[in-house]
Structure formats: C-alpha cells, structure tokens
Amino acid sequence: MRYLTFALGKGRLAKEAMNRLEKIGISCEEMKDKDSRKLIFVNEELKLKFFLSKGPDVPTYVEYGAADIGVVGRDTILEEGRNIYEVLDLGFGKCRMCVCGPESAKDLLLHHEQIRVATKYPKIARTYFDNKKHQTAEIIKLNGSIELAPIVGLSDVIVDIVETGSTLRENGLSVLEEVCPLSARMVVNPVSMKMEQQRIAKIIEALRALPDEVK
Ligand code: PRP
C-alpha cells in the first residue's frame, strides 16, 4: 500500500485538523511533540504521511500531487485558484471575508465610485469588485496588518478576514459589506481522487459523519 500524504496549514489549522482526524481513528504520535521542528510525520501502521506547510502553499502541494489531501482555509483556496477538488467543509475556522473601513467609506461603495482597496487577497478583491459590484477598484497588495491601510490613508477600504471583529473595533473600523463566508476545507488532488478513491472516500465519509458538536 502506498502512503497517503496530507498537507496541513501550519498552526491552528493543522492542530484542529489532527483533532478531527483523531476522532475518526487517524492519529500521529510524533506530531504531538510541541518542541519538535520536524516538518513531516509518519503513521506506519495506516501508511499515512503528514506534513506542515505555510497555508497558502497547501493548494500548490495538492495540485502537483506532492500531497494527496490538504487542509486549508477557503480564503486560500479562492486566492490560489489551483486545480484541486474541494471535497469537505470541516466546519472549524469559521470567519468571513469582508470589505471593511471607516463609516465614511460607505458612500463610495454605495455609489460605485472609484475606490482604493488594500488586501492580502488581491484575487478575491478583484473578483468581488469586477464581477459582483461592477465597481472600478485599485487593488493594493499588502502582507499583513491590513487594518492599518485606511487609517494611514493608503486605501479607502480593505478586503480582509473578520473573525471576532475585535481588530476592526479597536481600530475604529467596521464591516461595510460581506464578500463570503469562510471555514477550513479538505481538498484533494484530482488524480489521487481516482487512484485512491476508496481510502480517500472513507476518510471524507467518516469526517462528514462526525456529530456537529465535535466539528
Ligand atoms: C487576521 C485578519 C484580521 C484579524 C481578524 O489577521 O487579517 O487582521 O485576523 O480577526 P478578529 O476579527 O478576530 O480581530 P492575522 O492575525 O492572521 O494577522 P495579519 O494581520 O498579519 O494577517
């Protein structure tokens, strides 16, 4: 039997994913060592491998078949636009992609005026303003702390992830429009889906059958 390989977004995503997998009988002891700097882990008995990568790289590993299965946020899937199958909403990591800014920017959105948008997600922002709002937008790519942009006058609004809303509140900004809901998803390489159909389907079905309270 060949190894089935999982690519997991490093951090909370990987931790939550392993929690869910453990509930369906898939575990990896050597992954539990918190001090370890190891990036790849094996479960010999089940012939499974797990590796940790930066979230935005997960769809890349899965598209190229370096991993059969990936666990990643829907934000990353949309932004990366890779050739992969999204097979399951894992139900954790729930948050929203939103257009946010000062209340004064509401009019710009309402009247579809030219607008400057700062974001870590240029593709999602471009698609939203071009295809959904039909509004001319200048998209400025940033790498983090996006909330700064409208405060210091770099942009009118931002497109960013909102979870609890506290970052916005503490910086005098608010949600102006919702782009889409987000959560962690399981993705699969299209060839693996055919070649390892039985093993992969069994995992998907077991995760899907978990009761809501453990999701
Ligand atoms: C994310 C996001 C917001 C914040 C939202 O940033 O970009 O800034 O979390 O969470 P909240 O609604 O619960 O306040 P992250 O902490 O990942 O860091 P970043 O700013 O470097 O992207």
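How far is an oxygen atom of the ligand from an N or O atom in the side chain of Glu147? The distance from that ligand oxygen to the Glu147 side-chain atom is 2.6 Å, in a predicted model in which local features need pLDDT of at least 70 and side-chain atom pairs count only at pLDDT 80 or more, while totals for chains, interfaces and linings use all residues. Residues are numbered from 1 along each chain as its sequence is written, and side-chain values use heavy atoms, with hydrogens and water left out.

## The ligand and its shell

| Side chain | Distance from its N or O atom to a ligand oxygen |
|---|---|
| Glu147 | 2.6 Å |
| Ser166 | 3.5 Å |
| Thr167 | 2.4 Å |

On its own the ligand has 490 Å² of accessible area, of which the protein covers 65%; accessible areas come from the Shrake-Rupley method with a 1.4 Å probe, and for residues only the protein chains shown count as cover. Helices (H or I, at least four residues) and strands (E, at least two) are DSSP runs, numbered from the N terminus.

Most residues other than glycine have a negative phi. Ser145 is exposed because its relative accessible area is 54%, where exposed means over 50%, buried under 20% and partly exposed in between (1.4 Å probe, protein chains only).

## The chain as a whole

The protein chain has nine helices and 11 strands, and its C-alpha atoms fill a box of roughly 60 × 35 × 30 Å along the principal axes. Of its 215 residues, 47% count as buried, and the chain exposes about 11500 Å², of which carbon and sulfur atoms supply 50%. Among contacts (heavy atoms within 4.5 Å) with a separation of 6 or more, residues 24 or more positions apart account for 67%.

The side chains include 32 positive and 32 negative ones, and the centres of the two sets lie 3 Å apart. Lys and Arg count as positive and Asp and Glu as negative, with His and the chain ends not counted, and the place of a charge is taken as NZ of Lys, CZ of Arg, CG of Asp or CD of Glu.

## Lys133 and His134

Lys133 is placed in the loop between helix H5 (122–132) and strand S8 (137–141), and His134 lies in the loop between H5 and S8 as well. Are these residues buried or exposed? Lys133 counts as buried because its relative accessibility is 12%, whereas His134 counts as exposed because its value is 60%.

The side chains of Lys133 and Glu177 are joined by a polar contact of 2.9 Å, and, with residues up to four places away in sequence not counted, Lys133 touches Leu109, His112, Tyr128 and Glu177.

Lys47 is found in the loop between strand S2 (40–43) and strand S3 (48–53), and its phi is near 55 degrees, a positive value in a residue other than glycine. Because its relative accessibility is 23%, Lys47 counts as partly exposed.

Glu80 lies in helix H3 (residues 74–80) and counts as partly exposed because its relative accessibility is 27%. Glu80 and Thr60 are 20 residues apart in sequence and 8.1 Å apart in space, C-alpha to C-alpha, and the contacts of Glu80, leaving aside neighbours within four places in sequence, are with Pro56, Pro59, Thr60 and Lys123.

How values were computed:
Polar contact = N/O pair within 3.5 Å; in protein donor to acceptor, adjacent residues only side chain to side chain.
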